Each structure stands twice: as structure tokens, then as C-alpha cells.
Amino acid sequence: MADDVLIVGGGPAGMMAGLLFARAGVSVRVLEKHADFFRDFRGDTVHPSTMEILDQLGMLERFLERPHDELDTARIRVAGVEYVIGDLSHLDTPAPFIAMMPQWHFLDFLRDEAAAFPGFTLEMEKAVESFVEEGGRVVGVRLTGGKELRANRLIIAADGRSSLVRSLGLLAVETIGAPMDVFWFRLPRSGDPGDALRGSIETARMVVLIDRRTYWQCAFLIPKGSGEAIKARGVDWIASEVRKAFPDLDFSGEGGLTSSADLHLLEVALDRLVCWHRPGLLAIGDAAHAMSPIGGIGINLAIQDAVAAANILASPLAAGDGIDHLLDAVQDRRLFPTRIVQAAQKAAQEAVIGRVLGGAPITRAAWPVRMLDRFPLLRRIPGRLIGLGVRRERVKSPNAHR
Ligand SMILES: Cc1cc2nc3c(=O)[nH]c(=O)nc-3n(C[C@H](O)[C@H](O)[C@H](O)COP(=O)(O)OP(=O)(O)OC[C@H]3O[C@@H](n4cnc5c(N)ncnc54)[C@H](O)[C@@H]3O)c2cc1C
């Protein structure tokens, strides 16, 4: 028998939407093309706004039992000097810090929690190739290999920034643009390095490090389209640039970046769909709005989309009512925060990243950074924006299993 809802993609948006619909008594099947969640390039930040959602679901305690680091200040190193630019510790929320947890652990957690609801099914290694349409409505998906799966009521595209709704031309994309791409690789980590997240900005060099306990996950920003040229300089050059950016850290140890096969080029995109839906189909998360890594907020925006979609659609779905006329309300609810966050990411790209990677000399931090460092009270403003975002959602979809 067909499920009520099919979700394409088991990332943060798809897994949270699956969990919430199943919790509301709707039968839902999540289709994920990979065999597991273990992929390096997913980002590691779970923000207070997401942990608020987990708290409302009664899951926060179990989430925090999983291995993670807690970060309640945001720091950045500019031209060799360290500045504190954000303080989350004063936020009035159950978890006033960023939980640094590799995304595959977070997705494992959502899978384990969702498994408690009988309507939830997750199928791994199920790559969707196209959608099935009948009478102007999307009614199912076609998997690689040709098999068709139908949904009684709704298909959700949560398949990220290369979503099928984009590549098949089902929904039009409005490009905002990003001046950078990212080389993503590991370097060995020794000693006790302190902060779990570090950033460094210097003339023509920007690097972010995430402490994954046994190694550093490095994000090395490069001008868009320059991947091959940078690769040609060799992995030793890239590793030495990271060492120069963080002279206080000990990178000694085995493994890490030994050949160009260890370098993953991630193409950064900043865009959104003009319309996020058509009859029978709704896009959420990066599928609806590809986020730049700036601020590390894409995961959290994706989660908030899932909550909004469930708030608006779960009860009518559970009651067997039509929902096509409600899809626009989901876009309407989430477009405002998306616009604000993307505008902020674009501003940061233009004011900082484009200039730095373009070679503009960086001799000291810009005045807003110095002001934040100097006046601790001011740091609460970026702390609030990063931690709680704009228009945070509250879980209103019902729990049919209480
Ligand atoms: C370099 C980089 C670093 C980032 N770092 C961070 C960070 O630290 N913190 C943060 O919050 N955000 C970060 N982001 C942004 C963040 O990764 C995204 O905003 C977020 O992952 C979006 O979640 P999602 O569920 O919408 O999509 P995704 O996480 O992209 O998940 C989509 C899922 O769909 C699956 N899928 C795709 N196509 C198909 C198909 N045809 N059939 C079946 N399954 C399919 C994929 O395998 C994937 O599991 C970063 C982005 C980049 C580019």
C-alpha cells in the first residue's frame, strides 16, 4: 500500500519532516540515495533553535547524551589577532550553545528517534530519478532501475541543492551567487586544541577548522572556479597555508592530506526557488533554498522548514483532507527567514569573503569586529542571530502516539 507522504532525501530537512509527520500519525517513507549518513561534507553545527525543537519533542536530553562539543562563544582570528564576536551563553533557551556534532551522528539520532513511530519508514540506497505525474499532479517517484513508488497525498523534495526539482526543471531557480568554493579535507590533530570551531582571515587566505576529536576538518576557501589552479599548487602548499593560519595549533600526526584524492571540492551555491511547490509536490531545505556555509545555519534552516511544513500540513494529512492549497502557506511562512539569512550571507560574501579571496590586504579587523570584541554586551546580538535565527518555529503538529 502506498504511503501518505514520500520524502526524497534523508538529510536534516527530510529526516526531521519524516519524524514529525510520523509522530502526527501520517505514514511516511524517506528515500535516501546513499547507504549510510556518513559523509564528510555535511557540516557539524546544531544550533540552539534546533535544540529548542528537540526540547519541545522531549528528545533534547537524549540528543545531548551523544558525543558532541559545546560552543557558547564565536571567535575569529583576523590578521593574526583573535577576536570574540558572539556570545550565546545568555540566550533564554534550553541549550544556549552550538552543539558541534558531525552531521552523520545527528542524522543517526533522528533516525533512531523516528523509528519509535510506526508510520515511519527509511529506505537507504533508494535513489530517485524522476517524478510520476498524473492529471497535472505529482503522485509518485521513479527510482533508479525503473521501479515506481506512489504517495497517496504528498511528495516532499528534501534532496538538497542539486535537487531533482531543479535539474528536471520542475521549479525555477533564482540565483543569488557566491564568490567562493571550498576545499574540504582533514589534517591530523594533536594535543588539546581548545575551541571546537576556529576561523582565520588573512590577506588572500580564509580557513575554518572543525575539531572532530581525532582530526581537524578543514574548510579552505578559494575563489569560485579556481579549484584546478589551486590543486595544481599541491597538497603540501595547501596544508602549509592552514598551518600558517593557525600557528598555535599542533598538526603533527599521521594521515590527513597526502594526495589530491584527499581534497574534496565543494561548490558553494546561494539561491532559492521562485515557487517551492506544485500540486502534490513541496520542496524544503536546501532543495528550496541552497545556503552558503557562512554562519553554519543551513542545517538549522532546513530543520525549521520541516517543522513549519509539519505544523501546516500534518493535521490535514492525518485527517485525510486535501493539502495542495496549503503548500503555498509553507513557502509563505519560510520565505521571510530565508530571504533575511540569504541577504546576510550575500552581504558577508561581498564585504569579506570576496575581498579577502580577491587579495585585498587585511591588516586588521574591520571596526564592527573590534567593537564586538571590546564590548561584551554587544556580542549578545550576533549570538542571538546565529543561535536563534529569524522567525524560529515551534512544534505545533500533534503527537498521535501519546
Ligand atoms: C562546504 C559547506 C559547509 C557547510 N557547513 C555547514 C555547517 O557547518 N552548518 C550548517 O548548518 N550548514 C552548513 N552548510 C549548509 C548545509 O550543509 C545545508 O544547508 C543543509 O545540509 C541542508 O539540509 P537538507 O536536508 O536540505 O539537504 P542535504 O543536507 O543536502 O540533504 C539532502 C539529502 O538528499 C539525498 N539525496 C539527494 N538526491 C537524492 C535522490 N535523487 N534520491 C534520494 N536521495 C537523494 C542526499 O544524499 C542527502 O542525504 C554547509 C554547506 C557547505 C556547502
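**Close-up views of a predicted model**

**View 1. Helix H4, residues 103-114.** At 1.5 Å a residue, the 12 residues of helix H4 should span 16 Å, and its end C-alpha atoms are 16 Å apart, which agrees. The expected span is 1.5 Å times one less than the number of residues. Helices (H or I, at least four residues) and strands (E, at least two) are DSSP runs, numbered from the N terminus. Buried in H4 are Gln103, Trp104, Phe106, Leu107, Phe109, Leu110, Glu113 and Ala114. Buried means under 20% relative accessible area, with a 1.4 Å probe and protein chains only. This is a predicted model: local features need pLDDT of at least 70, side-chain atom pairs count only at pLDDT 80 or more, and totals for chains, interfaces and linings use all residues. Residues are numbered from 1 along each chain as its sequence is written, and side-chain values use heavy atoms, with hydrogens and water left out.

**View 2. The second largest pocket.** Its volume is about 160 Å³. Of its 13 lining residues, Pro102, His105, Asp211, Arg212 and Arg213 are the closest to its centre. The lining holds six nonpolar, two polar and five charged residues. Here Ala, Val, Leu, Ile, Met, Phe, Trp, Tyr, Cys and Pro count as nonpolar; Asp, Glu, Lys and Arg as charged; the others, Gly among them, as polar. On a 1 Å grid over the protein atoms alone, a pocket is an open set of points with protein on both sides within 12 Å along at least five of seven lines; a cavity is a set where a 1.4 Å probe fits but cannot get out; lining residues have an atom within 4 Å of a point. Points are joined across faces, edges and corners, and a volume is the space filled by probe spheres set on them.

**View 3. Arg212, in a loop.** This residue sits between strand S15 (205-211) and strand S16 (215-223). Arg212 counts as buried because its relative accessibility is 8%. Gly225 is 13 residues from Arg212 along the chain, and their C-alpha atoms are separated by 28 Å.

**View 4. The largest cavity.** The count comes to one cavity of 30 Å³ or more. The largest cavity has a volume of about 50 Å³. Its lining is Arg75, Ile76, Arg77, Glu82, Asp195, Leu197, Arg198 and Gly199. Strand S5 (73-78) and strand S14 (197-202) each give two or more residues to this lining. By class, the lining has two nonpolar, one polar and five charged residues.

Technical notes. Buried means under 20% relative accessible area, exposed over 50%, partly exposed in between (1.4 Å probe, protein chains only).
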